[in-house]
Amino acid sequence: MPEPENESAEQPRLTAPGQGARGGLLTQYLPILEWGRTYNGSVLTNDLMAAIIVTIMLIPQSLAYALLAGLPPVVGLYASILPLMAYAIFGTSRTLAVGPVAVVSLMTASAAGAIAAQGTAEYLEAAITLAALSGVMLAILGMLRLGFLANLLSHPVISGFITASGLLIATSQLKHILGVQAGGDNWPDMLGSLAGVVLNANPWTLAIGIPATLFLFWVRKGAKPALVAAGTPPRIADMVAKAGPVVAVAATIVIVMLLDLADKGVSIVGAIPKGLPPFALPSTDLSLIEQLWVPALLISIIGFVESVSVAQTLAAKRRQRIAPDQELIGLGASNIASAFSGGYPVTGGFARSAVNFDAGAETPAAGAFTAVGIALAALFLTPLLFNLPIATLAATIIVAVLSLVDLKTPRQLWNYSKADFAAHMATILITLLAGVELGVISGVAVGLLLYLWRASRPHAAIVGRVPDTEHFRNVERHDVFTVPHVLSIRIDESLTYLNARWLEEYVLERVADQAQVRHVILMCSAVNEIDASGLESLEAINHRMSDAGIGVHLSEVKGPVMDRLKRTEFLDELNGKVFLSQNRAFRELSRDDGSDTCEPYDMARGMI
């Protein structure tokens with residue numbers, strides 16, 4: 001066997017936080033101690049520049065997402081201060097920006113709305129308690145190293161949920177663009193409610209909302225290319241484009257003031273409390289916790305999946321790594337910090353994290369500096385937001401969430417996997433028709449059921465030797481050689497309780513079809529595990545073949561699987577052999593009839 005190639009010393013190494021030469025238990029749970037050792041003036045400059053850009057973006061976004069969650073706009077600012085500080089201490093991503101996001105805001109509104117009416121103290125208490133519960137759950141999952149549980153949400157389910165949520169969110173904000181009262185707990189109800197009041201739209205609100213929406217769409221896609229074409233340096237053009245929402249906010253505030261639009265029916269934010277976040281205590285009412293723990297768990301899982309996906313994507317661009325289990329702790333700390341500062345559930349957002357990354361952030365300190373910027377805004381800028389139109393915030397939300405709506409994935413999934421398409425569409429339809437919580441639960445359930453169905457019917461193939469090689473391939477796909485008395489079956493899955501009986505039936509059926517077979521070779525190159533049920537089926541196959549005078553052989557069994565088989569009596573009872581390679585097994589057993597003659601596989605005759 002050829003020696004494996006020696007790894008060059010120049011090969012880049014990806015080191016997860018807390019896993020370096022000096023990494024220990026303390027740095028594992030406090031990643032700030034890892035990157036803080038090498039912090040210097042150059043890194044500080046880059047982090048400060050990124051923080052300024054993200055702060056400009058985050059102020060209107062935080063106000064808008066609080067509106068989406070059914071909370072006072074200032075709560076969005078509160079949820080963007082201490083959570084960023086907490087993540088800077090406990091998080092492992094160098095560029096993830098934590099704060100309110102659209103999908104979690106929608107889920108918060110759904111959960112808190114089941115407890116109390118929007119605008120009441122009980123509603124705010126439910127949102128704060130939701131953040132605390134989510135934080136505790138995330139932290140516990142992280143300490144128990146249970147980050148793998150997020151894998152229960154497959155990509156088709158997540159994609160379907162986010163697409164449906166984007167449609168729900170955008171539709172829910174149309175009432176603010178129109179300046180009307182409308183409601184609805186699901187998409188059909190929302191559309192029906194809007195259809196009944198659309199003729200009552202306030203023209204002044206429309207005059208604010210529609211231009212603001214169109215401007216923000218243009219800023220998102222066309223501002224930077226236009227500025228670059230006009231001769232602006234790309235980095236400056238990018239910074240100016242990112243400030244588009246601030247321009248929309250400032251412009252519409254001035255218009256409302258000059259035209260006195262508040263007296264003409266245009267809804268405005270009004271007075272926003274001035275100052276730093278207050279100290280808040282989550283509720284300890286067991287009946288409230290009993291009602292909120294399921295939504296909190298769903299928010300935790302959805303938020304973690306969204307956050308870790310963003311963090312891993314950005315880290316890979318710089319050949320860095322994140323520690324998913326520590327990310328759970330970091331996000332848990334952020335949510336707990338949000339709860340105790342009067343905020344609501346938060347997670348890492350793609351848009352602001354991408355801006356943070358592109359702006360040159362090098363460490364989580366950029367997030368801490370952003371928190372300082374938000375705190376200064378809460379201290380000094382809130383009086384300037386009195387005349388901010390609600391329609392402008394709604395336009396900010398609509399533009400942000402419509403980018404989440406993915407219309408390409410359904411077609412791609414239909415072409416690639418009908419089962420994944422079913423899970424995707426089921427998640428979309430149930431989320432639109434029954435709400436976000438039931439949509440997520442149903443998507444997970446459908447995904448798991450389809451997985452179990454696929455796992456219970458694994459792929460296996462009869463294989464033969466490719467001419468002039470030692471390779472074995474599916475007889476139905478390749479021109480191969482076989483011998484009549486040897487049946488080679490390649491098993492392409494691990495053998496578990498889900499598929500063990502299926503394999504038993506598959507082998508027996510193939511042997512029954514071939515009267516000349518005297519040897520069955522089970523090619524195990526793709527078998528990574530054999531559980532107790534799988535072992536029992538192998539024993540049953542061995543006993544039945546022995547009764548029929550047919551030898552059962554194994555080939556290419558992996559080391560860990562063989563180690564477990566050696567601890568049983570199966571190898572002693574096996575009536576055949578265990579071969580290192582499929583080629584050696586085929587070559588030796590094909591001589592069993594006194595010849596070494598191989599025949600091309602004839603599909604018409606079905607001869608092996």
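Predicted model: local features only at pLDDT ≥ 70, side-chain atom pairs only at ≥ 80, totals over all residues.

Me: Is Ile177 buried or exposed?
Reply: The relative accessible area of Ile177 is 8%, and the cut-off for a buried residue is under 20%. Because its value is 8%, Ile177 counts as buried.

Me: How many Å apart in space are Ile177 and Ile52, C-alpha to C-alpha?
Reply: In sequence, Ile177 and Ile52 are 125 residues apart. In space, their C-alpha atoms are apart by 30 Å.

Me: Which helix supplies the largest share of the lining of the second largest pocket?
Reply: This pocket holds about 1100 Å³ of space, and of the 41 residues that line it, the closest to its centre are Leu68, Ala109, Gln118, Ser172 and Lys175. At least two lining residues come from each of α3 (41-68), α6 (102-113), α8 (155-178), α9 (187-197) and α17 (390-402). The largest share, 6 residues, comes from α8.

Me: How many charged residues are in the lining of the second largest pocket?
Reply: The lining divides by class into 21 nonpolar and 18 polar residues, together with a charged class. The number of residues in that charged class is 2.

**Cores and cavities**

Me: Which residues is Met107 in contact with, leaving aside its neighbours within four places in sequence?
Reply: Met107 is among the residues that touch the most other members of the largest core. Leaving aside those sequence neighbours, its contacts are Phe161, Leu298, Ile299, Ile302 and Val436.

Me: Which element gives the most to the lining of the largest cavity?
Reply: A search of the whole structure finds 2 cavities of 30 Å³ or more, and the largest has about 50 Å³ of space. Its lining, with 8 nonpolar, 2 polar and no charged residues, includes Leu138, Leu141, Ser300, Ile301 and Phe304. Two or more lining residues come from each of α7 (121-143) and α13, and the element that gives the most, with 3 residues, is α13.

Me: Which helix gives the most to the lining of the second largest cavity?
Reply: The second largest cavity has a volume of about 30 Å³, and Leu84, Tyr87, Ala88, Leu96, Pro364 and Gly367 line it. By class, these lining residues are 5 nonpolar, 1 polar and no charged. With 3 residues, the helix that gives the most is α5.

**Individual residues**

Me: Is Arg490 buried or exposed?
Reply: Arg490 has its place in strand β6 (residues 486-491), and a polar contact of 2.8 Å joins its side chain to that of Asp492. Beyond four places in sequence, the residues it touches include His459, Phe472, Arg473 and Met523. Because its relative accessibility is 16%, Arg490 counts as buried.

Me: What is the relative accessible area of Asp468?
Reply: Asp468 is found in the loop between β3 (460-465) and β4 (472-474). Its phi is near 65 degrees, a positive value in a residue other than glycine. The residue is exposed, with a relative accessible area of 84%.

Me: What is the relative accessible area of Asp260?
Reply: Asp260 is found in the loop between α12 (244-259) and α13, and although not a glycine, Asp260 has a positive phi of about 55 degrees. Asp260 is partly exposed, and its relative accessible area is 41%.

How values were computed
Residues numbered from 1 in each chain as written. Heavy atoms only, no water. 1 Å grid on protein atoms, 1.4 Å probe; cavity = no way out; pocket = protein on both sides within 12 Å on 5 of 7 lines; lining within 4 Å. Points joined across faces, edges and corners; volume = space filled by probe spheres on them. Helix = DSSP H or I, 4+ residues; strand = E, 2+ residues; numbered from the N terminus. Nonpolar A, V, L, I, M, F, W, Y, C, P; charged D, E, K, R; others polar. Core = buried A, V, L, I, M, F, W, Y, C linked by side-chain atoms within 4.5 Å. Buried < 20%, exposed > 50% of the residue type's maximum accessible area, 1.4 Å probe, protein only. Contact = heavy atoms within 4.5 Å. Polar contact = N/O pair within 3.5 Å; in protein donor to acceptor, adjacent residues only side chain to side chain.
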